Amino acid sequence: MSGGKPGPGYTSGGPAARVAPLLRWFGRRRRDLPWRRRRDLYGIWVSEVMLQQTRVQTVVPYYRRFLERFPTLKALAAAPLQEVLKAWEGLGYYSRARNLLHAARIVVDRHGGRVPAGGAEFRSLPGVGEYIAAAVLSIGAGAVLPVVDGNVLRVVCRWQGFAGDVRLPATRRRVRAFLEGIIPAAAPGRFNEALMELGALVCLPRSPRCPVCPLRSGCFARDRGRTGSLPVKGKKRPVPEHEVALAVIVRRGRIYIQQRPEDGHLGGLWEFPGGKCRPGERPGDAVVRECREELGAEVEALRELAVVRHAYSHFKVRLHVFACRRRRGRIRPRRPHAWVPAADLGAYPFPAANHRFLPRVAGYAEERQGFRARFARGY
Ligand code: SF4
């Protein structure tokens, strides 16, 4: 089999015969997840947005807290961005949260707060792509739209022997075309959930549990001993790593932080001033230059408080965090900013990597405060 045109697939039999074992298996084995107890479009939508790029176990506590805090779409639409980002903090891919909030406000303004169940209207909302639309509308509104995510690609490529690279759009199209031919009109959401669940629990990436799989009879990969070589995944491009230097500036026990622009990477979150090192530039020099450019002030890097590595989807960073002292010039922030006591840092949403050095930052601010107090007392 090759990754060419959509074909009839490996399994024989009509669509109903192909999917019946899968649906029966799902009825018996499906996990009791919090979003499966809510069948309203808003609750399903939140879960599907959170589940993109994120594991189920990670999402469960976030989902519970988010729905407690914003139980309805109207409650979400009325919330300030900062509060939504705080509830999302640590889940990553923050554009998902910003888009969800933006979309909720549009739904309130244009649709009276009712999530539109029509494909075109729903697809026009920010952050709603093909996957979210198919998942939410099939599960919540019975739309006959197949979902194609990583789990589904793996299951179908093994089951049907599709050997195209799953990173290529042509393979996705082939899988979607196959699923369009078998998705049951009476239970599209259940079918989609069942396939995704099978990928999560049985057709595992490294060691698929074929003996207990409902698709084992007529599975190409199992019949031909190809579970190790399917699905085919092309090589990932190497991910660049950037050196980044950050400044911790403390004034009278308060730490300077600023907000990232809303429309960029990690938009709306809070950060310490600083930025990428130039080629050949030492982090200690980069932090001084960045503070000059960003804040208009000369600072001195006193010592490195922490070095933290973090991986995003398309690049990695190594964060060098410096305790800095202002030497000349007033700090003139160009973005929303705040001077906050160490104890209040937790009230602001920060990127996940920052949480690994915030205790050091707080410790440094307290150390400086203690020094000031001793200095004021004359010893
Ligand atoms: S039989 Fe094995 S390889 Fe085929 S779909 Fe089931 S778990 Fe995957």
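The C-alpha centres of domain 1 and domain 2 lie 38 Å apart. The model is predicted: local features require pLDDT of at least 70, side-chain atom pairs count only at pLDDT 80 or more, and totals for chains, interfaces and linings use all residues. Residues are numbered from 1 along each chain as its sequence is written. Domain 1 spans 15-224 and domain 2 spans 241-377; these bounds come from an automatic or database domain assignment.

Ten residues of domain 1 are in contact with seven residues of domain 2. Contact requires C-beta atoms, placed from the backbone, within 7 Å. On the domain 1 side, α5 (81-88) and α6 (95-111) each supply at least two residues. Helix α5 gives the most, with four residues. Helices (H or I, at least four residues) are DSSP runs numbered from the N terminus. By class, this side of domain 1 has three nonpolar, four polar and three charged residues. Here Ala, Val, Leu, Ile, Met, Phe, Trp, Tyr, Cys and Pro count as nonpolar, Asp, Glu, Lys and Arg as charged, and the others, Gly among them, as polar.

Helices α5 and α6 also pack against each other, at an angle of about 135° and with axes 10 Å apart. Axes are lines fitted to C-alpha atoms, for helices over the stretch in contact, and angles run from 0 to 180 degrees between N-to-C directions. The pair is therefore oblique. Angles under 35 degrees count as roughly parallel, over 145 as roughly antiparallel, 65 to 115 as roughly perpendicular and the rest as oblique. The α5/α6 crossing is right-handed, that is, the near helix is turned clockwise from the far one by less than a right angle. Leu81, Val84, Leu85 and Trp88 of α5 meet Ala97, Arg98 and Leu101 of α6. Six of these residues are nonpolar, none is polar and one is charged.

Helices α2 (residues 41-51) and α3 (residues 56-69) pack at about 140°, with axes 10 Å apart. They are therefore oblique to each other. Their crossing is right-handed. The α2 side of the contact comprises Gly43, Val46, Ser47, Met50 and Leu51, and the α3 side Val56, Val59, Tyr62, Tyr63, Phe66 and Leu67.

The ligand is surrounded by 15 residues, the closest being Cys203, Pro208, Cys210, Cys213 and Cys219. A residue counts as near if its C-beta atom, placed from the backbone, lies within 6 Å. Helices α9 (150-160) and α12 (220-224) each supply at least two residues of this shell. Helix α9 gives the most, with three. The shell has ten nonpolar, one polar and four charged residues.

Conventions. Contact = placed C-beta atoms within 7 Å.
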